[in-house]
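Hello,

Here is the structure I promised to pass on to you. Please have a look at it, and then read on for what turned up.

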There are 2 protein chains.
Amino acid sequence: MPFDRSAIAAAARRIAGDIRRTPQLAMPGWGVLKLEMLQLGGSFKPRGAFNRMRAAGAGDAGVIAASGGNHGVAVAAAAQSLGLRAEIFVPEIAAEAKRARIRSFGARLVVGGAGYDEARQASEARAAGTGALVVHAYDQPEVLAGQGTVALEWEEQAPELTHLLVAVGGGGLIGGIAAWHRASGVTLVAVEPEGCPALHEALAAGRPVPAPVGGLAADSLGARQVGGLMFPLAAELQAAGRLAPVLVTDGAIRNAQRALWENARLVAEPGGATALAALLSGAWTPPVGAKVGVLVCGANTDPASAA
Amino acid sequence: MPFDRSAIAAAARRIAGDIRRTPQLAMPGWGVLKLEMLQLGGSFKPRGAFNRMRAAGAGDAGVIAASGGNHGVAVAAAAQSLGLRAEIFVPEIAAEAKRARIRSFGARLVVGGAGYDEARQASEARAAGTGALVVHAYDQPEVLAGQGTVALEWEEQAPELTHLLVAVGGGGLIGGIAAWHRASGVTLVAVEPEGCPALHEALAAGRPVPAPVGGLAADSLGARQVGGLMFPLAAELQAAGRLAPVLVTDGAIRNAQRALWENARLVAEPGGATALAALLSGAWTPPVGAKVGVLVCGANTDPASAA
C-alpha cells in the first residue's frame, strides 16, 4: 500500500468525520502556526490511527498498540470513537498521567517491559494470539498517509507557505507531510532535539540507525530510530535541497513553550514546541521571501509547564 | 459618535493591522468556539483599545486607563504597539501577575485606591491634568465599536451560526456584538456568573444599577454596573426575544475551564470559560436546529488552573 498524494487524499476523505480540522493562527514575526495540538486527543496522532483502523479494518479482536505517549492516547481515543476494543501496551516508565488518559478512553492498559521496545514486542506477541489489528506508532503506510492529511489540510488553509517547520520523532508525521509535498515546491525543516537525533543520524548514515533517546521531549519524540518507510523520502527531499535537518537544545524548546504561552496563550508539550524552537532560537533562519509555517503538534503535558 | 454596523466595519478596517484574526474550532456537541483568548494580550480587549486610540487620536501625552485586569493589559499592549506613552491605574487589590504583565508592555503602572472605582477616579483626575486620552474599559463608543469587530469577523468565518454565547462584565463586548447583530436574525445568550450579575440586575431594573461583584470570575467580569451605552441595545434585543440573560455558578465555570483543557487543550480564565459554562451546565439549552457559537474571550490566568 502506498502513502502518496492519492493515498493521503483518500485518507482525508476516510477520516473527515473522525478528526478535527485544526485552525491556524498567523503570528507576525513567527509565521503561520497550525494548531494541531487542539486535535482530538491532544496531538496529530489520531489522523494516522483512524486511517489505519478504517483502511485496514478491525474485527471483534479490536486493535492493539504500544506507546506510553501520544500514540497510545490516540489509538485509545480512536478505538472508543469507532466502538472497537483496544489494548495499549506501555513500558514501566510510562507516566501515571498518560496511563490515566489512556484508560479514560476505555482502553485496556497493559504495563510491562523496561522500555518502548519491550512493550512493542509484548504487544506484537499478544496481537499474534488474538488477531487484533496492530496500529504502529509511525512505520505503517496507513499511519503515514493519515499523518499526511495534516499537510493536505494545511495547504488548503495556507497555500502561500514555502517552508514548513515540523518536529521529528520516529518520522511518521514528517514522512506523511513529505509524501504530500514530494513534488511541490515546499521545503520541510525537520527539527529534532539534540537529545533525540534519530533522523539526523539516519541522514548521516544513509539509513535508519539506532540513536540516543533523551532530554526534555523524549516522551513524544524519543524514537530509537526513524521508520524504514519514511527514510527514503526524507533522503530524496534532502538531496533535492527541500529538507533541512535542524537540531535544537532543550533550552530552546523550553523557551519556545514559554513564548507560545506569553504571546499567544497556547500550551504545547516539549515535542509540540520543538518546531517553533528552531525558528525562535535561530537554529534555522528563513531565507529572504520565505513564507513560514510552524506545526504545533502536541499539548499532552501539565499546563503548568507552559508558563 | 455611533457604534452601529457602519462604525464597526470602519473599526475593523482601522485596526486590521493591529489585531489578530482569531481562529475557530468546531467541537462536536458544543458548537463552534471562537478562540478570542488567542488575541494579542490574551483577551478581546485590544480590539476596543486600538480602535479608541486610532479613532480619537492620542498625542504626546499618551493614553491612560484604569484596570487591574485585561483592559489594562490591552491598553498597555496597544500603546506599545502604536508607540504611545501609557499610564495604567490599578487598585491595590490588583494581582502581582497582572501588574507585571502591564509593566512588561512598557506602561507606567500607578497603584492606588481600594477598588476599581477609586483607581478610575484617580486616572481621570490625572488625565485632566496631562491631556492623555482616556480609554474606558467598556463605556465609550469607539471601545464598543472595536469590540464589535469580533462579531463582524465571526460572521465572516461562520455565517451559519444562529445563537452566540458571550460572557458579560461591564457589557462592552456584548454591546459591540449586539450593535453588529441588531438587525440580524442572531440571538445572543448573555452569560454572567451568579457573583457578578450586573446585566441581569440592569434588565430587571430597566436601567444600569449597582450590582454585587464577587466569585471566581470577578477579576475579569466584575464590573459594578453595565455601561450606559450598551444597556438600551441589550434591552431592545431582549424585548425582541433575541437576547437571553443566563446566570451560571462558579462550579459550572470551573467545570468549563477543565472541559476546555481536557477536550481541546485550551486554557481559559474563569471569565473566558463563562459562556461555555452556560452550555455545558445546561443553564442554557439550545433550541432545536440552533447553530451555536461560543466566544472564549480571555486566558490571562495561571495555566496550571486549567487542569
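How many residue pairs are in polar contact between chain A and chain B, with both residues at pLDDT 80 or more? The count is seven. Please keep in mind as you read that this is a predicted model.

Let me stay with the contact between the chains for a moment. The elements that give two or more residues to the side of chain A that touches chain B are E1 and helix H11 (250-264) of chain A. H11(A) provides the largest share of that side, with four residues. There are also two salt bridges between chain A and chain B. One of them pairs Arg101(B) with Glu262(A), and their closest N and O atoms are 3.5 Å apart.

In total, 24 residues from chain A and 24 residues from chain B take part in the contact. About 1900 Å² is buried between the two chains, and 62% of that is on carbon and sulfur atoms. Arg20(A), Arg265(A) and Pro303(A) together supply 32% of the area that chain A buries against chain B, more than any other three residues.

Now for the strands of chain A. Strand E2 (residues 31-35) is mostly covered, with five of its five residues buried. E2(A) is joined to strand E1 (residues 24-27) by four bridges, and these two run antiparallel. Within that pair, Leu25(A) stands opposite Leu33(A). The hairpin of E1(A) and E2(A) has three residues between the strands, and Gly29(A) takes a positive phi near 90° there. E2(A) is also joined by four bridges to strand E10 (residues 292-296), this time running parallel. Here Lys34(A) has Leu295(A) as its bridge partner.

Chain A also has an open sheet of four strands in the order E5-E4-E3-E6, with parallel pairing. Strand E5 (108-111) and strand E6 (133-134) stand at the edges with a single partner strand each, so one side of each is left without a neighbour in the sheet. Strand E3 (residues 63-66) and strand E4 (residues 86-90) pair in the parallel sense over four bridges, and Ala66(A) stands opposite Phe89(A) in E4(A).

Two helices of chain A deserve a mention as well. Helix H7 (residues 172-180) is mostly covered, as nine of its nine residues are buried; among them are Leu173(A), Ile177(A) and Trp180(A). Ala275(A) is found in helix H12 (residues 270-280) and counts as buried, at 0% relative accessibility. Leaving out residues up to four places away in sequence, Ala275(A) touches Leu165(A), Val166(A), Ala167(A), Val191(A), Val294(A) and Leu295(A).

Arg5(A) and Glu155(A) form one, with their closest N and O atoms 3.4 Å apart. This pair links distant parts of the chain, with Arg5(A) in helix H1 (residues 5-14) and Glu155(A) in helix H6 (residues 141-157), 150 residues apart. Arg5(A) is partly exposed, at a relative accessible area of 34%, and Glu155(A) is partly exposed too, at 28%.

In chain B, the side chains of Arg47(B) and Glu36(B) meet in a salt bridge at 2.6 Å, N to O. Arg47(B) lies in helix H2 (residues 46-56), while Glu36(B) is in the loop between strand E2 (31-35) and H2 of chain B. Arg47(B) is buried, with a relative accessible area of 1%, and Glu36(B) is buried at 0%. Over in chain A, salt bridges that share partners join Lys34(A), Glu36(A), Arg47(A) and Glu153(A) into one network.

Back in chain B, Gln147(B) lies in helix H6 (residues 141-157) and is buried, with a relative accessible area of 1%. Beyond its neighbours within four places in sequence, the contacts of Gln147(B) include Arg47(B), Gly48(B) and Leu173(B).

Best wishes

Terms used: Residues numbered from 1 in each chain as written. Chains lettered and ligands numbered in written order. Predicted model: local features only at pLDDT ≥ 70, side-chain atom pairs only at ≥ 80, totals over all residues. Heavy atoms only, no water. Buried < 20%, exposed > 50% of the residue type's maximum accessible area, 1.4 Å probe, protein only. Contact = heavy atoms within 4.5 Å. Pairing = 2+ DSSP bridges. Buried area = accessible area lost by both parts, 1.4 Å probe. Salt bridge = Lys/Arg side-chain N within 4 Å of Asp/Glu carboxyl O. Polar contact = N/O pair within 3.5 Å; in protein donor to acceptor, adjacent residues only side chain to side chain.
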